[in-house]
Amino acid sequence: MPTTNTRSTKTNRSSSTRQSRANTARSTAKPTGRKTPKAENTESNGHSQLEKLFTDSLKDIYWAEKQLTKVLPKMKKKATSAELKEAIEEHLAQTEGHVSRLEQVFNLCGKKPQAKKCDAMEGLIKEGDSVVEETQDGSETRDAGIIMAAQKVEHYEIATYGTLVVFAKTLGMTEAADILVETLKEEKDTDERLTGLAEGNINQAEERETDEENEDRDEYSDEEEESEDTEETEKEEEE
Ligand SMILES: [Fe+2]
């Protein structure tokens with residue numbers, strides 16, 4: 001039935017033309033700013049996932065800060081230099097403040113403060129313990145090791161708080177972001193202070209080494225002079 005076939009082909013053609021015009025109109029239409037229900041759904045899903053990630057990270061760093069309030073006094077005991085002891089002492093007071101700030105952020109989220117074991121911080125603390133065990137009590141090397149361990153902790157905290165601030169801002173939690181920024185600043189200041197102490201510690205160790213080398217050299221030349229004198233005396237006696 002050729003007539004029907006032709007009609008059908010024509011109908012198909014005109015239908016596909018209409019479709020293609022509709023597609024073109026859709027693709028050239030200016031965005032209205034209104035989101036489709038699907039896009040809105042995806043966005044709210046992403047929002048609640050970010051919220052979960054935010055509270056999980058809060059629990060993680062809350063555990064870490066609480067652990068540090070127990071670890072810092074031990075580190076202070078193991079340190080030798082007065083400046084390092086003082087820096088640890090001051091950071092301990094700050095860390096107690098960090099714990100309270102996190103509790104405020106939990107409250108702002110409408111959640112009870114809850115700690116979740118942070119594997120990364122546990123590892124960093126263990127590493128710090130090993131450094132202390134492997135170095136001599138009262139040595140500059142031990143102080144250098146403590147500074148290194150403390151800086152690793154600070155860098156972990158800086159990374160965490162930096163991310164938490166961004167998350168809070170994205171979630172529209174301005175007050176929480178402001179609180180977290182305060183802690184972030186203190187972590188950065190502590191890191192800088194530790195860098196200064198590390199440089200001072202290394203310089204001191206170098207100076208000490210140079211002094212010891214010089215003393216050794218002086219002793220050696222004194223001994224050489226003495227033995228030359230003895231040889232000369234012996235020769236004179238033989239003559
Ligand atoms: Fe902290």
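Okay, a definition before anything else: a residue is buried when its relative accessible area is under 20%, exposed when that is over 50%, and partly exposed in between, using a 1.4 Å probe and protein chains only.

Now the caveats. What you see is a predicted model, where local features need pLDDT of at least 70 and side-chain atom pairs count only at pLDDT 80 or more, while totals for chains, interfaces and linings use all residues. Numbering starts from 1 along each chain as its sequence is written, and side-chain values use heavy atoms, with hydrogens and water left out.

Let's start with the overall picture. The chain has 6 helices and 0 strands, so from the N terminus it reads α-α-α-α-α-α, where helices (H or I, at least four residues) and strands (E, at least two) are DSSP runs numbered from the N terminus. There are 239 residues, and 30% of them count as buried. The accessible surface is about 16400 Å², with 48% of that belonging to carbon and sulfur atoms; these areas come from the Shrake-Rupley method with a 1.4 Å probe, and for residues only the protein chains shown count as cover. As for contacts, meaning heavy atoms within 4.5 Å, take those between residues at least 6 apart in sequence: 78% of them join residues at least 24 apart.

On to the metal. Which protein atoms are the donors of the iron ion? They are E65 (OE), E65 (OE), H98 (ND1), E157 (OE) and E187 (OE), at 2.0 to 2.5 Å. A donor here is an N, O or S atom within 2.8 Å of the metal (3.2 Å for Na, K and Ca), and since water is not among the atoms, sites may look incomplete. Along the chain the spacing of the donors is E-x32-H-x58-E-x29-E. H98 sits in helix α3 (residues 82–108) and E187 in helix α6 (residues 174–238), so this pair ties together parts that are 89 residues apart in sequence. Both are buried: H98 has 0% relative accessibility, and E187 also comes out at 0%.

Next, helix packing. I'm quoting axes as lines fitted to C-alpha atoms, for helices over the stretch in contact, with angles from 0 to 180 degrees between N-to-C directions. α3 packs on helix α5 (residues 140–170) at about 25°, and their axes are 13 Å apart. That makes α3 roughly parallel to α5, given that under 35 degrees is roughly parallel, over 145 roughly antiparallel, 65 to 115 roughly perpendicular and the rest oblique. On the α3 side the contact is made by L84, I88, H91, H98 and L102, and on the α5 side by D143, I146, I147, E154, E157 and Y161. Notice that H98 and E157 are in that list and are iron donors too.

What about α5 and helix α4 (residues 119–134)? Their axes come within 9 Å and cross at roughly 175°, and the two helices are therefore roughly antiparallel. α4 brings A120, M121, L124, E127, G128, V131 and V132 to the contact, while the α5 residues include G145, I146, A149, Y156 and E157.

F167 is in α5 and counts as buried at 15%. Setting aside neighbours within four places in sequence, F167 is in contact with L50, L53 and F54. T55 is 112 residues from F167 in sequence, yet the C-alpha atoms are 10.0 Å apart. S48, from the opening, belongs to helix α2 (residues 37–78); its C-alpha is 9.2 Å from that of L171, 123 residues apart along the chain.
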